[in-house]
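Trainee: I am new to this structure and would like to understand how its parts are arranged. May we go through it together?
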Amino acid sequence: MNNPAPIRTAKALAPPKGLHHTAYVTHDVEGTVKFYTEVLGMPLVSAVVDDAVPSTGDPWPYVHLFFEMGDGSTIAFFESVGLPKPSPVSHPAYNIFNHIALNVGSRAEVDRWIERFQALGVDYIGPTDHGIIYSVYFHDPNGIRLELTADIDLNWRDHTAEATSDIESWSKAKRRAIEMGDTGELIAWVKERRGQHKK
Ligand SMILES: [Fe+2]
């Protein structure tokens, strides 16, 4: 980008309205269709095929498929031919922290999904009560970590000032941990702050 306008003077726009689609590579399009349509009940609503990537021109033939959720947003996949499997992650935390969470509306609905997973033999972790949301975790056939969740604190999005302060404190503690080669102070701050959250 050439000489981007400073953020404060750039023309203000409304934030994005919501998720249109998120997209991942699959090596198992058949298993992916079965899982999203039969286990999660998300209809296959569109598929695009091409012999090259429109945005870049890369000559990779692919099928691009979309599964729809209740609000019209979609989860999408690409399958190509001859792609090597992805490299393993450098730390198992990536396989836990990286995930996509889908809103099922209520705590009772999360519990109903757990009953469904039990009936279908789908491995899951949970339910987990996070205080603000209530969740169950599982994986799709591509190894993508998914979460079905519901708000239990309807005001959980109303904490911008505390969040901004937490990020500043975290950043300071993180820099100090890196400088010192020791996470002791950072962990002490996290524990103290977490205790305040739970009041
Ligand atoms: Fe999550």
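Mentor: Two strands pair if DSSP finds at least two bridges between them; helices (H or I, at least four residues) and strands (E, at least two) are DSSP runs numbered from the N terminus. The model is predicted: local features need pLDDT of at least 70 and side-chain atom pairs count only at pLDDT 80 or more, while totals for chains, interfaces and linings use all residues. Residues are numbered from 1 along each chain as its sequence is written.

Trainee: In which sense do S5 and strand S8 pair?
Mentor: Strand S8 covers residues 145-151. Within this pairing, Ala101 stands opposite Glu147 in S8. Over four bridges, the sense of S5 and S8 is parallel.

Trainee: Which strands are the edge strands of the open sheet?
Mentor: Four strands form the sheet in the order S5-S8-S7-S6, with mixed pairing. An edge strand here pairs on one side only, and the two are S5 (100-103) and S6 (125-129).

Trainee: Is Ser171 buried or exposed?
Mentor: A residue is buried if 20 or more other C-beta atoms, placed from the backbone, lie within 10 Å of its own, exposed if 12 or fewer, and partly exposed in between. Ser171 lies in helix H4 (residues 160-180). Because Ser171 has 10 other C-beta atoms within 10 Å, Ser171 is exposed.
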